[in-house]
Amino acid sequence: MSIDMSQFHQVFFEECFEGLEAMESGLLSLDIGDIDPEAINTIFRAAHSIKGGSGTFGFTVVAEYTHIMETLLDEMRDGRRQVTKQAVDVLLGSVDCLREMLTSIQNEEEVNAQSVAQHQSALEAELNGESSANTQTSAPVMQPSSQAIAPVQAPEDDDDEPEIEEEQGWKISFCPYLNLLKTGNDPVRLFRELSALGQLTSNVNIQDIPPFNELDPEECNISWDLVLVSDATESAVREIFSWVEDDCELELAPLAKPKKKKKPKAAPIVAAPVAAETKEATEPVLVTPPLVVKKAPAESDSSKNAPKASSSIRVDTDKIDTLINMVGEVVITQSMLGLIGENFSMDKVGQLKRGLAQLERHTRDLQQSVMNIRMLPISFVFSRFPRLVHDISTKLNKKITLKLVGENTEVDKAVVELINDPLVHLIRNSLDHGIEMPAERIAAGKPETGTIELKAYHRGGHIVIEIIDDGRGMDKSKLLAKAIEKGLVEESAIMTDKQILELIFMPGFSTAEQLSDISGRGVGMDVVRRNIQSLGGNIDIISELGKGSTIAIHLPLTLAILDGQSVAVGDETYIVPLVSIIESINITEKMLNKVAGKGETFKLRNEYLPIIRMREIFNVKSGAATKPNEGVIVVVEGQGALCGFLVDELLGQQQVVIKSLEANYRRVEGVSGATILGDGSVALILDVPGLVRLSVC
Amino acid sequence: MTEKNEHEIDDMDGETGTKKNADTSTIIQYLSFVLGKEEYGVDILRVQEIRSWEPVSRVPNVPFYEKGVVNLRGAIVPIIDLRERFSLSKPEYTPLTVVVVLQTGSGSHTRIMGVVVDSVSDVISIERTDIQSAPDFGTKVSNEFINGLVSVNERMVMLLDVDKLLLLEALEQNDY
């Protein structure tokens, strides 16, 4: 039986990362002192399935590591151990460490042994620190240092080493339940793994096998008595059986000196660390300063994840069922139309029209449900933030609660992937600059605990994400002074409040008096805005000094389809995204004004707007030349400024599927993409902000 | 629309057809086509299909030889007129004008592009050793696109490097 296990790796990793997320959110929601056993159970289960999975796939490092976590969690679950903040922190660190390990394995890289060892010793310190001797207050965990390892390791070795020496093997009685084979486990695989540990002799008991005519080949009627000559620890042996421990009766006894059967859970607690510990000792230890190791998880999160990031997507079965229904409908309509077409006569025209209308409806529904498959709840992004807030607020000694609203709002997968970094940045900013220190807050008459609200909702064809904090807000006069000092604006410039707030999006602008490693390098906000604009969205900021700030991000729901207005310029057709159109008007001569050197403007009610002649900016030569008073002005908003596009004619509104021009070609100034029209020809989609910029320069 | 896949092109292959099954490591097949009075060849494995000319959608503010984009079964594919690119012959577009759809790059970064040529002539099989390096003069096509020269039936065929030819288009975006 040789199955290529690697084909399941992707699924395994996905499940692991999901499990890790579940553990993380579970840990964060643990109420110190008042423990909900169910919450710990959830965490435990996640750890357990990661352990089981990694054991099966042969990622023993992960399995060993998770085993220790599991032990700790198990004690918490049974109430044998208090859940302390410290323990939670250590477990959170372990989640990071596991994630790092799994990412390394996924990318087929070496696991950072030192980082693992450090987390592991922190974990063991936590485990032993309380269970063995309460006198020992665990050394500062999470801060990897040799002190943390040394004191714990020493007594442990004393305890366990003799045990290893005198036990030169194990007598294993393995008695599977009837349903073992049905759970997909194969004893042969277990034995193969056992024999890797040492010399294995097996003795099969076949007395339970029923007469042949009653024999069910799917049931396992055999049991084994195994003798393993090896210096492997009990936990190592149990590890192999961990996947089947619910489906069999397993007895383990040392060969040399038969002991009483240990309580299955108690034994591994002592033994496992030793196995890991001794292994590490023999391995060459990488010499890197501890600081580097601490940074590692963050680094791997951002950069190392990129190359092998999965591009798969998990879809609700309901959505797929709807899709299948829909396809069924389309097929029925198609065959109906086929029947009409087979022997067509004019009296069937009505029928044909009805059929076509039906087809149109079905196609639209189908399109919508296909698009729905790409939609993910925004909680995929939001769920990471409680951890971020927890970590950073601890670091800053601030008291902050994070409120999540509208996590189930659905957005396109591409948006979900790309919005994470900007959001992290904004939230860090709020944490660092927005929310004041507790003392400062009390002095200002605010509750000691600051609140950051992360809110997502739909509005029109957009999703709006708001980050609201009740912190100190932004000081407009300070912003302005800073901008003048940095030479970003003229001293005499007259600016509205909104324009002043938007200064923070200028490159090289940072008002933080002190740089910190959380934010304030002055490279942030302009990148944030650029990222969001590249997603076709925009970012607004409202801030009141002393009361807090609100940052609102508007993003299109999907990046694959847009509502467009097709316009004609000469013989060519272009698509203007409907969201950016304010209005379209036929212009008359008297609305037009020449501005010296800067082209034309026209007066829309009380505002003068610049005109962009599409014919000129795109060098269209075909069709009759248009005078300004013969065309249509499409008033658009881009980059916060209004502008009029002069086109020859408005053609119609339609939903268009965005195709990349860059996939085979290249980026073209003023064009954001292309689409295929009903007649099969290609139309370009205008990049409104780009064009506005193009015309201004 | 005349779509020919590689096998059909192979069928056009006349006398050289017998050599096809020989050791592939030394024999390379090229699709030859005519630009003006000169004959060029591209690696046949790069040729995705050969189509007839159909109207393109113009793309604004790009060099004149980039004619525009077409819809090739759902993909947006740029069309480049090699005759104009190398100033070799007058661009005339008739239903007989041929567009060779080429694939560039490798792995996940493949791109497809259509190039307009005067006519497609033949599939030629060439021994690797028969390819001579290109001299520094004599052709309108800048030397850097040319992999080498080969003579087939007394005619000289210039072998184009597809990747370089089409990569250049992308690099050029800064200086048109």
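Which pattern does chain B follow when read along the sequence? In this predicted model, chain B runs as α-β-β-β-β-β-α-β-β-β-β-β-α from one end of its sequence to the other, and its secondary structure amounts to 3 helices and 10 strands. Chain B has 176 residues, of which 35% count as buried. When contacts in chain B between residues at least 6 apart in sequence are considered, 58% of them join residues that are at least 24 apart.

The contact between the two chains draws on 19 residues from chain B and 19 residues from chain A. On the side of chain B that touches chain A, at least two residues are supplied by each of β4 (66-72), β5 (75-81) and β7 (111-117) of chain B, and β5(B) gives the most, with 4 residues. Sorted by class, this side of chain B comprises 12 nonpolar, 5 polar and 2 charged residues.

In chain A, helix α2 (residues 37-57) consists of 21 residues and spans 30 Å from its first C-alpha to its last, which is close to the 30 Å expected at 1.5 Å a residue. The buried residues of α2(A) are A:I40, A:I43, A:F44, A:A46, A:A47, A:I50, A:K51, A:G53, A:S54 and A:G55. An α-helix has 3.6 residues a turn, so residues three or four places apart point the same way. Just after α2(A), A:G58 adopts a positive phi of about 85°.

Note on methods. Residues numbered from 1 in each chain as written. Chains lettered and ligands numbered in written order. Predicted model: local features only at pLDDT ≥ 70, side-chain atom pairs only at ≥ 80, totals over all residues. Contact = placed C-beta atoms within 7 Å. Nonpolar A, V, L, I, M, F, W, Y, C, P; charged D, E, K, R; others polar. Expected span 1.5 Å × (residues − 1). Buried ≥ 20, exposed ≤ 12 C-beta atoms within 10 Å, placed from the backbone.
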